[in-house]
Amino acid sequence: MKKDISELSGAELATELAIMRTALALDRTLLAWVRTSLGFIGFGFTLAKFVSHLTRSGQLSDMPITGPESPTSLGLMMMTLGLLGLICAGVDHWRAEKRLTTKSISVSPWSFSFILAIMLAAVTVLLIGILAFEVNHHPASTPSEQARPR
């Protein structure tokens with residue numbers, strides 16, 4: 001049974017506070033990964049959408065919109081790296097929290113930063129799917145197609 005914090009001795013209180021600091025440090029580390037991953041995801045999505053728009057409008061007519069050398073592929077790759085960063089950080093966070101809880105220490109593995117990382121990963125998977133579907137189902141128009149009368 002867990003004691004109230006006022007009932008703890010000096011050594012027990014120091015241990016409990018050290019555990020709390022460790023749990024908070026784990027959350028800060030996860031949030032740093034979330035911030036970094038969000039930067040990758042946001043820049044990748046912006047790059048893919050912006051170049052796709054410029055190519056379709058004819059302003060970048062000589063740039064391929066699909067294929068491994070396209071900026072859209074680079075954007076999708078950056079989004080995927082951001083997603084992998086989120087997944088790896090979430091797994092690492094979960095394992096570290098589990099190590100804390102195996103010592104009969106009451107730290108919840110479901111921190112707000114972990115839930116945020118899961119939600120952001122889900123949104124990223126959705127955005128990658130939307131972009132991949134859009135690229136595959138909307139072929140880029142070429143300048144010769146734009147010049148043709150309809």
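**Nonpolar surface patch and helical core of the predicted model**

Phe-40, Leu-74, Met-77, Leu-81, Leu-84, Ile-87 and Val-91 form a nonpolar surface patch of about 600 Å². Such patches consist of residues with over 30% relative accessible area and no salt bridge, with like charges joined within 9 Å and nonpolar side chains (Val, Leu, Ile, Met, Phe, Trp, Tyr) within 5 Å. Helix 2 (residues 71-101) contributes the largest share of the patch, six residues. Leu-84 lies in helix 2 and counts as partly exposed because its relative accessibility is 45%, the class between buried (under 20%) and exposed (over 50%).

The model is predicted: local features require a pLDDT of at least 70 and side-chain atom pairs a pLDDT of 80 or more, whereas totals for chains, interfaces and linings use all residues. Residues are numbered from 1 along each chain as its sequence is written, and side-chain values use heavy atoms, without hydrogens and water. The mean pLDDT (the predictor's confidence in each residue, from 0 to 100) is 77 for the chain, and 73% of the residues score at least 70. Confidence is highest in helix 1, at 86, and lowest in helix 4 (residues 143-147), at a mean of 49.

The chain contains four helices and zero strands, assigned as DSSP runs numbered from the N terminus (helices: H or I, at least four residues; strands: E, at least two). Of its 150 residues, 32% are buried.

The largest nonpolar core has 15 residues, among which Leu-30, Val-34, Met-79, Leu-86, Ala-117, Ile-128 and Leu-131 touch the most other members. Helix 1 (10-56), helix 2 and helix 3 each provide at least two residues of this core, and the largest share, six residues, comes from helix 3. A core is a set of buried Ala, Val, Leu, Ile, Met, Phe, Trp, Tyr and Cys residues joined through side-chain atoms within 4.5 Å. Beyond its neighbours within four places in sequence, Ala-117 is in contact (heavy atoms within 4.5 Å) with Leu-30, Val-34 and Leu-86. A second, separate core of five residues includes Ile-19, Ala-23, Leu-26 and Ala-96.

Thr-124 belongs to helix 3 (residues 112-137) and is buried, with a relative accessible area of 0%. Residues up to four places away in sequence aside, Thr-124 touches Ile-41, Met-79, Leu-83 and Leu-86.

Key:
Accessible areas come from the Shrake-Rupley method with a 1.4 Å probe; for residues, only the protein chains shown count as cover. A salt bridge is a side-chain nitrogen of Lys or Arg within 4 Å of a carboxyl oxygen of Asp or Glu. Buried means under 20% relative accessible area, exposed over 50%, partly exposed in between (1.4 Å probe, protein chains only).
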